[in-house]
Amino acid sequence: MAKIIVSDSADLVDRWIAAIKDRRPDIEAVPLAELGDSDEARASVDYALVWQPDPGFLASLPNLKLIVSVGAGLDHLTNDPLLPRHLPTVRMVDPGLTQGMSEYCAWGVLSLHRLFVPLLNSQASGAWQVVHAPIASNTRVGVLGFGVLGSRAGEALQALGFQVCGWSRSAKQHDSIPLYSGDDGLAEMLPTCDYLVLLVPATPDTFHLIDADFLARCKPGVGIVNAGRGSLIDDDALLEALDSGQAGGAVLDVFHQEPLPSDHPYWQHPKVIVTPHVAALTYPETGGEHVVAAINALETGEPLPALVNWDRGY
Ligand code: NAP
Ligand code: GLV
């Protein structure tokens, strides 16, 4: 009997095991905590479904054939210097996660657009302070990273009435959303956007994508929603842009260091909304389909869904 080891937060492990068993009762799904430490136990593992595995753990499984990431992001794997990159690795694609991300990005943009922070401050001081938001149809949102999550978030924002455009690494097309790619595409798109939603993965190419030079090329007052990863932003540059007015506000879910240190200036900044990496979570009940699809594909020799290409970093 093939065996999959499951490592996720304690409250989710049983749900993953049920989701896998429902679809493939012939696979033994075992919580990592119950695997044991013997060579024999480690040799019995065929597949691994993991979130933030201990460095070296995956490399210690001699018969491992497939790694499935619980998250869409892969930095929790690349943090491991011993990650067995020769093994097929699949990132998460889950309708529940995608829906959650669309909700978060819509909420983040709307919070900036509808001046939610000033309104809350007015309420706190009991002030009837009228503020006017510009009309959404005159407002352009650029989605940086137009993959599984970015494309759906872009469509949700478009459905709310915003003008939307997207940016990706490779040139792509969408029926109703203009798309840009590469450095030239970014240069053309940036000065036109009132808000930017960040949904590119953390790779060496995207590290500090949002730096002082990038922010200077943005429309003055640009609003930033970062649901991708903290490494995308040079925090000093963003704080400077917020203080000078070059950036109008930021909704930030992900950070270089998590939890965000209690003395970090983002916490108290009047133009920043901080959320604790909650933009979108994977649901075992819906994500289980993807896990089993990946195993099925591996077993039958079909192309694997959402297979990671380590050469490009995601
Ligand atoms: P995906 O489908 O792989 O999409 C990634 C997108 O980024 C693609 O459009 C890709 O371009 C683009 N991209 C990658 N490198 C680029 C570069 N150097 N320049 C321009 N574009 C680049 O990934 P996804 O499933 O949408 O997930 C995106 C990210 O969201 C994850 O990596 C993770 O960090 C983050 N996330 C955060 C949360 C949260 O709770 N905050 C939850 C889930 C995911 P191509 O289309 O050309 O490949
Ligand atoms: C969450 O951050 C994910 O990568 O799915």
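User: How do the residues of the lining of the largest cavity divide into nonpolar, polar and charged?

Analyst: Keep in mind that this is a predicted model. The lining of the largest cavity has five nonpolar residues, three polar ones and one charged.

User: Which residues line the largest cavity?

Analyst: Its lining is made of Asn-226, Gly-230, Ile-233, Asp-235, Leu-252, Val-254, Phe-255, His-256 and Tyr-266. The space in that cavity is about 40 Å³.

User: OK, on to pockets. What volume does the second largest pocket have?

Analyst: About 240 Å³. Its lining counts 16 residues, and Leu-112, Leu-115, Tyr-195, Gly-248 and Gly-249 are the ones nearest the centre.

User: Which elements give two or more residues to that lining?

Analyst: Helix H4 (95–113), helix H5 (116–124) and strand S11 (247–252) do. By class, the lining of this pocket has eight nonpolar, six polar and two charged residues.

User: Switching to helices: at what angle do H1 and H11 pack?

Analyst: Helix H1 (residues 10–23) and helix H11 (residues 284–300) pack at about 50 degrees, and their axes are 9 Å apart. That angle makes H1 oblique to H11. Their crossing is right-handed.

User: Which residues make the contact?

Analyst: From H1 there are Leu-12, Arg-15, Trp-16, Ala-19, Ile-20 and Arg-23. H11 brings Pro-284, Glu-285, Gly-287, Gly-288, Glu-289, Val-291 and Val-292. Sorted by class, the contact holds seven nonpolar, two polar and four charged residues.

Note on methods
Residues are numbered from 1 along each chain as its sequence is written. Chains are lettered from A and ligands numbered from 1 in the order in which they are written. This is a predicted model: local features need pLDDT of at least 70, side-chain atom pairs count only at pLDDT 80 or more; totals for chains, interfaces and linings use all residues. Side-chain values use heavy atoms; hydrogens and water are left out. Axes are lines fitted to C-alpha atoms, for helices over the stretch in contact, and angles run from 0 to 180 degrees between N-to-C directions. Helices (H or I, at least four residues) and strands (E, at least two) are DSSP runs, numbered from the N terminus. Angles under 35 degrees count as roughly parallel, over 145 as roughly antiparallel, 65 to 115 as roughly perpendicular and the rest as oblique. A crossing is left-handed if the near helix is turned anticlockwise from the far one by less than a right angle, and right-handed if clockwise. Contact means heavy atoms within 4.5 Å. Ala, Val, Leu, Ile, Met, Phe, Trp, Tyr, Cys and Pro count as nonpolar, Asp, Glu, Lys and Arg as charged, and the others, Gly among them, as polar. On a 1 Å grid over the protein atoms alone, a cavity is a set of points where a 1.4 Å probe fits but cannot get out, and a pocket is an open set with protein on both sides within 12 Å along at least five of seven lines; lining residues have an atom within 4 Å of a point. Grid points are joined across faces, edges and corners, and a volume is the space filled by probe spheres set on the points.
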